[in-house]
Amino acid sequence: TILRYYYSFSAFFNIVRNSQNQPSANLINLPAFRSSGRKESTEADRFEANRTIYGIDTIPRIARRHTVIIERDAKIMKSAPEGIEIYPIFVSDQSRQYMRTLISILWISFFPLAAAAQDDDLSYRLKKVIKDKKAEIGIAVILDAQDTVTVNNDDRYPLMSVFKFHQALAVADYLDRNGLTPDTEIFIPEEELVPDTYSPLREEFPEGEISLSVSRLLEYSLQLSDNNACDILFEHTGGPAATDRYVRSLGLHDFAIAATEQQMHDDPPTCYENWSTPLEAAALLELLVTEQILTPTLREMIRQNLISCKTGADRLPKPLSGTGAVIGHKTGTSDRDERGIFAGTNDLGFVILPDGTRYTIAVFIKDSAENPETNARIIADISETVYRYVHDEYRENDIRPGKKHVDKGAGIGFESDYFY
């Protein structure tokens, strides 16, 4: 249908364009027709002339019925093949108006088709969600490890506490390389529980002088986004540089981990030194989700911490409530600076629908002049848009890799080659 409209529109456009600046006349009054001894041109005359000169026979029949020959100079007439008579026929005002009207009808008919096709595109829908927001918003979605959608991905977004996920992977690798288990304990003196920073750990153990396992510290860091727990883990596993090195060893490059929580607290602009594109962050989470890194025990430890995340319930998880979907995610949030700007409000997560369809999503909001509630709502709206697209349309294509149809008696379910 679209092709038919396109060719018809093109044919009529060329006819009207070629008819510009031509004298208006009725066909039977043209001197050329009088001199030929014929009273009128036939449909065969018009069609054959159009075919010879303009190649009109390549367009659909819907256009052929309404075409007339338009001669502009003697050269065209002389170029006609032997045996074919070409008559100089001009388009009347009435015919020209008719063609313009028909072009308008065709264009009006075609435009909704183009708009509908555009509306089916996930990136277009996401752009509608973030339109006119007072912030730079980057989005990346990886659908079932094969389809990728990004919006505003070509910039560096401050990760804020999302980088604690990067750190968790590096900590797990540190344990594996050094023959340690997640139960390995770390002694925490009082001076390492820094005041004036977000730390449920310090609130629970204000005097310090305790020993906690690495797995417990990861719970504080990933589930509660505890800043002290994060820096304690840095202190014992090589710091930001070791995390940066490990993630780069996985083949990722569009990111940087360079500062601790304390450094960002002491000098807020330092937060921009821990950055990533949305797609690179989603790709890193995808490596965990698709079981391409770490041992099964360490992977599961991190995955369960992400599923048990206590922060950002009003962000990616909000529209998934009651759907039966499983979400694991890690949030990141800056303070408001003296300009009233939030450097970063983020959420990175994976979502698994009840039938096994899966996607990874990163939403990073940079330099936002919106209030915290609006920033959270933007992320939630993006999450809902992606969920509805995946639930209502994407899985209907039946192109999801790694899935096995399973008859569960009451209906059709899915087994996933990833987790379930």
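The model is predicted: local features need pLDDT of at least 70, side-chain atom pairs count only at pLDDT 80 or more, and totals for chains, interfaces and linings use all residues. Residues are numbered from 1 along each chain as its sequence is written, and side-chain values use heavy atoms, with hydrogens and water left out.

**Stop 1: the five-stranded sheet**

Helices (H or I, at least four residues) and strands (E, at least two) are DSSP runs, numbered from the N terminus. Two strands pair if DSSP finds at least two bridges between them. Select S2, S1, S10, S9 and S8, which in that order form an open, antiparallel sheet. Strand S2 (147–151) and strand S8 (326–333) are at the edges with a single partner strand each, so one side of each has no neighbour in the sheet. On average, neighbouring strands here are turned by 5° against each other, direction ignored.

Now select Ala-140. Its bridge partner in S10 is Ala-362, and in S2 it stands opposite Thr-150. The antiparallel pairing of S1 (residues 136–143) with S10 (residues 358–368) runs over eight bridges, and that of S1 with S2 over five bridges. Follow S1 into its hairpin with S2: three residues lie between the strands, and Asp-144 takes a positive phi near 50°.

Helix H7 (residues 122–130) lies across S1 and S2, at about 30° to S2. Helix H15 (residues 296–307) lies across S8 and strand S9 (342–352), at about 75° to S8. Axes are lines fitted to C-alpha atoms, for helices over the stretch in contact, and angles run from 0 to 180 degrees between N-to-C directions. Contact means heavy atoms within 4.5 Å.

**Stop 2: the three-stranded sheet**

Select S3, S7 and S6, an open sheet in that order with antiparallel pairing. Its edges are strand S3 (157–158) and strand S6 (255–256), each with a single partner strand, so one side of each is left without a neighbour in the sheet. S3 pairs with strand S7 (residues 275–276) over two bridges, and Tyr-157 stands opposite Ser-276 in S7.

**Stop 3: helices H8 and H11**

Select H8 (residues 163–177) and H11 (residues 227–237), whose axes come within 11 Å and cross at roughly 35°. To show the contact, display Phe-163, Lys-164, Gln-167, Val-171 and Tyr-174 of H8 with Asn-227, Cys-230, Leu-233, Phe-234, His-236 and Thr-237 of H11.

**Stop 4: the cores**

A nonpolar core is a set of buried Ala, Val, Leu, Ile, Met, Phe, Trp, Tyr and Cys residues joined through side-chain atoms within 4.5 Å. Buried means under 20% relative accessible area, exposed over 50%, and partly exposed in between (1.4 Å probe, protein chains only). The largest core has 58 residues, and those with the most contacts inside it are Phe-165, Leu-169, Leu-201, Leu-217 and Ile-302. Centre on Leu-217: leaving out residues up to four places away in sequence, Leu-217 touches Ile-186, Ile-188, Leu-201, Leu-212, Ala-229, Ile-232 and Leu-233. Another core, of 27 residues, lies apart from it and includes Leu-122, Ile-361, Val-386 and Tyr-389.

**Stop 5: Arg-245**

Finish at Arg-245 in helix H12 (residues 239–249). Arg-245 counts as exposed because its relative accessibility is 55%. Ala-256 is 11 residues from Arg-245 in sequence and 9.4 Å from it in space, C-alpha to C-alpha.
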